[in-house]
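Reader: Please take me through this structure in questions and answers, one item at a time.

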Amino acid sequence: MRNRALLALVVVAAAIFVFGVAGLIVSGRQDPVSDFVAAPRGTPGPAGPQTLQLRPEPSSEPSSEPSPVGSPEGSPDETAAAYFQAWVKSDYGAMRELVDDPPDDFADQHREFEDAALSKSLRITVGNLVRTGDETAEIPFTQERDEQDAGKWRFDSSLHLAVRDLTWKVVWTPSVLHPEIQPGGSLVRTEPEAGPLWPVTRGGREFPQNSGAEAYLDNLMNQGVAPTTGVAVGWALEVDNPGLPAKTVLSYKPEKRPVGVRTTIDYAVQAAAARALDGVQRGAIVAVRPSTGEILGVADRLGGRAAFERKYAPGSTFKTVTAAALLNNGLSPDSTVECPAAYQIPFHRSIPNYHNEDHGTVTLRQAFALSCNTTFARLTIERLNGDTLVDQARAFGFGVQGESAGTSTCGSLRRPENPDALAEDSFGQGTVEATPLCMALVAAAVESGEWRPARPLADEAPQGELPQSVPLPSNVAEGLRSLMSAVTVDGTAAGSELPEGVAGKTGTAEDWHGGQDHAWFIGYRGDLAFAVFVEHGGTGRGAAVPIAARFLRGL
């Protein structure tokens with residue numbers, strides 16, 4: 001009978017706990033492979049039997065006799081086993097029941113510790129129980145936590161037990177959580193700030209000095225695209241004890257600082273645009289990728305974000321739009337046209353050529369290359385009408401002033417009310433106005449054969465609902481490429497320092513408010529389109545083309 005009772009006690013004890021090499025093992029990321037495996041922190045433990053073994057103290061001898069009156073119930077092993085078992089389940093209420101005189105915020109202290117640690121898993125290994133007195137004991141244990149980025153975090157603690165009211169209880173202090181924590185102290189996670197993430201180029205490089213894009217980058221910050229509250233660089237776990245300096249117990253610093261908020265800007269394009277404008281007081285260069293609509297560079301010396309927002313008369317660069325309408329209505333680059341010194345609109349005003357130049361009979365390609373105002377005014381009056389020109393402008397991103405569709409932020413014109421207004425609009429004067437960005441997109445449409453809206457400057461920004469792209473008829477796209485190539489081969493941009501393979505269109509536009517003319521040059525080379533604008537710069541050939549040449553040769 002005595003042997004059976006002894007055997008029963010050993011079996012019961014074997015189902016509770018083990019102290020020694022294996023100890024109590026807790027892991028939220030492993031399948032059961034040892035004495036005890038708990039679910040992840042804060043979730044219920046695994047279903048089914050849990051094998052916990054108890055090694056009796058060497059001096060204790062199992063007995064079937066009841067405990068004498070006045071002897072404590074249970075043992076420190078059993079209390080410790082129950083405490084650790086509740087801990088791995090985050091059952092702070094059950095833990096509290098096993099603690100002698102627990103603080104009111106016992107559970108809160110555990111939760112705050114776990115919230116600071118942010119451990120992905122927790123593994124507890126328990127050592128051998130040590131009797132420190134007839135009614136006191138101590139059990140060393142090791143916590144191994146898997147920390148985000150920092151890997152394994154191991155540290156040793158001890159659980160103290162004592163008899164209270166004939167029951168073995170845990171004598172708890174914050175050092176059970178971590179040996180460095182004193183009463184009133186806590187574990188704190190700090191995340192030092194490296195300041196706001198300033199926008200960077202598409203390759204992660206900082207913008208070149210005096211890039212001319214500063215106003216655009218400031219605007220991204222103000223829009224909240226780039227975080228302005230600071231960006232954490234690594235983190236640290238500190239023990240904060242009353243009256244003592246904080247002590248770091250674990251820290252993580254990434255090998256590389258986080259890159260800034262990426263933009264679509266290409267460093268080489270931006271640097272070349274900025275340097276091309278050196279010495280230019282009032283000018284801008286906008287470069288875009290025709291195949292995507294991405295903005296590759298914006299160097300703006302006009303003030304504010306004028307290259308994107310301020311509209312100017314585009315002058316003869318708008319003949320690209322008018323030529324598209326003509327090509328779409330039966331003409332070809334080889335069509336024979338007249339380029340007289342002046343064209344008299346029947347019963348209306350006379351339109352002069354620049355410097356009253358008379359080129360006689362030419363092809364449409366030559367008229368475009370020589371920038372004949374009289375040719376485009378006459379062809380528009382005779383072959384097009386206000387609706388046709390407006391519709392073609394819409395296909396290049398322009399809006400119509402005073403209509404329900406509103407005025408485009410790219411460019412706009414009014415629906416012509418008479419032949420004079422129609423003729424003036426045909427060569428980019430009259431009511432036509434456009435931003436440098438708008439005209440860069442016009443050039444991009446010629447290269448790609450499809451007008452695309454500009455993509456947001458911040459590469460990581462939500463795209464939102466952008467206007468739909470508009471494909472050009474194949475004959476129109478091919479014809480415009482022929483016309484723009486002629487400009488740089490034997491037209492108004494010929495004989496300049498432009499590199500080989502550039503196609504474009506010059507423009508000289510009267511300032512509505514008086515003063516010297518504005519200078520334009522738009523064009524493309526490969527998968528890069530651009531617009532160069534110089535406020536009160538004079539002629540497109542004299543002011544804008546040399547800047548474009550410096551820009552393209554700087555790439």
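**Charged pairs, backbone angles and rings**

Reader: What is the relative accessibility of Arg-111?
Author: Arg-111 counts as partly exposed. That class lies between buried (under 20% relative accessible area) and exposed (over 50%), with a 1.4 Å probe and protein chains only. The value for Arg-111 is 42%.

Reader: What pLDDT do local features need?
Author: Residues are numbered from 1 along each chain as its sequence is written, and side-chain values use heavy atoms, with hydrogens and water left out. This is a predicted model, in which totals for chains, interfaces and linings use all residues, side-chain atom pairs count only at pLDDT 80 or more, and local features need pLDDT of at least 70.

Reader: Which residue forms a salt bridge with Arg-111?
Author: A salt bridge has a side-chain nitrogen of Lys or Arg within 4 Å of a carboxyl oxygen of Asp or Glu. For Arg-111 the N to O distance is 3.3 Å. The two partners are three residues apart in helix α4 (residues 106-117), about one helical turn; helices (H or I, at least four residues) and strands (E, at least two) are DSSP runs, numbered from the N terminus. The partner, partly exposed at 40% relative accessibility, is Asp-108.

Reader: How many residues apart in sequence are the parts tied together by the salt bridge of Glu-147 and Arg-189?
Author: The side chains of Glu-147 and Arg-189 meet at 3.9 Å, N to O. Glu-147 belongs to strand β3 (residues 136-147) and Arg-189 to strand β6 (residues 186-190), so the separation in sequence of the parts they tie together is 42 residues.

Reader: How many salt bridges does a search of the whole structure find?
Author: Another of them joins Glu-403 and Arg-394, whose closest N and O atoms are 3.0 Å apart. Salt bridges that share partners also join Arg-202, Arg-289, Glu-294 and Asp-527 into one network. Over the whole structure the search finds 19.

Reader: What is phi of Phe-347?
Author: Most residues other than glycine have a negative phi. Phe-347 is not a glycine, yet its phi is positive. The residue is found in the loop between β12 (342-344) and β13 (350-352) and is exposed at 86% relative accessibility.

Reader: Where is His-355 found?
Author: His-355 has a positive phi near 60° and is a residue other than glycine. It is exposed, with a relative accessible area of 61%. Its place is the loop between β13 and β14 (360-363).

Reader: How many aromatic pairs are there?
Author: Rings of Phe, Tyr and Trp (its six-membered ring) pair if their centres lie within 6.5 Å; planes under 30 degrees apart count as stacked, over 60 as edge-to-face and the rest as tilted. By this rule the count is 15.

Reader: What is the angle between the ring planes of Tyr-83 and Phe-84?
Author: Both Tyr-83 and Phe-84 are buried. Ring pairs link these two, Trp-87 and Phe-141 into a cluster. The centres of Tyr-83 and Phe-84 are 6.2 Å apart, and the pair is edge-to-face because its planes stand at 80°.
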